[in-house]
Amino acid sequence: MLFVYYPRCSTCQKAKKWLDEHDIEYEERDIVKDNPQYDDLKEWHEKSGYPLKKFFNTSGMVYRKNNIKDKLPDMSEDEQLKLLATDGMLVKRPVLVGDDFAVTGFRVKEWEEKLL
């Protein structure tokens with residue numbers, strides 16, 4: 001399992017603690033040092049079943065500063081994936097990727113359904 005996170009993010013820290021408390025093995029990937037690439041994001045999006053908008057960190061400074069909210073409606077899915085791949089801080093975190101699923105954010109109930 002792949003756990004993509006930002007070490008300074010308190011939600012990511014809670015998610016990591018939850019994984020550890022439940023003895024779930026995972027590989028860590030720092031979203032800033034190892035920014036998700038286009039192919040990663042495309043695969044995760046397909047596994048998630050989420051609308052692509054759920055992969056954007058809508059409360060992040062990069063998202064707000066660049067008025068991405070106003071640009072998304074006119075962008076194709078391909079353009080959105082390319083944009084996400086430009087900066088890890090644009091991606092909602094944490095991202096947890098398993099063999100047949102991907103989830104963004106940390107919602108305990110959803111994680112329990114997928115992992116326990």
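Gln 13 is found in helix α1 (residues 10-21); helices (H or I, at least four residues) and strands (E, at least two) are DSSP runs, numbered from the N terminus. This is a predicted model, in which local features need pLDDT of at least 70 and side-chain atom pairs count only at pLDDT 80 or more, while totals for chains, interfaces and linings use all residues. Residues are numbered from 1 along each chain as its sequence is written, and side-chain values use heavy atoms, with hydrogens and water left out.

**Gln 13**
- Gln 13 is partly exposed, at 44% relative accessibility (buried means under 20% relative accessible area, exposed over 50%, partly exposed in between; 1.4 Å probe, protein chains only).
- Leaving aside residues up to four places away in sequence, Gln 13 touches Pro 7 and Arg 8 (contact means heavy atoms within 4.5 Å).
- A separation of 17 Å lies between the C-alpha atoms of Gln 13 and Glu 110, which are 97 residues apart along the chain.

**Arg 29**
- Arg 29 sits in strand β2 (residues 27-30) and is buried, with a relative accessible area of 11%.
- Not counting residues up to four places away in sequence, the residues that Arg 29 touches include Phe 3, Tyr 5, Asp 34, Asp 40 and Trp 44.

**Helices α2 and α5**
- Helix α2 (residues 38-48) packs against helix α5 (residues 77-84) at an angle of about 120 degrees, with their axes 8 Å apart (axes are lines fitted to C-alpha atoms, for helices over the stretch in contact, and angles run from 0 to 180 degrees between N-to-C directions).
- The contact is made by Tyr 38, Leu 41, Lys 42 and His 45 of α2 and by Glu 77, Asp 78, Leu 81, Lys 82 and Leu 84 of α5.
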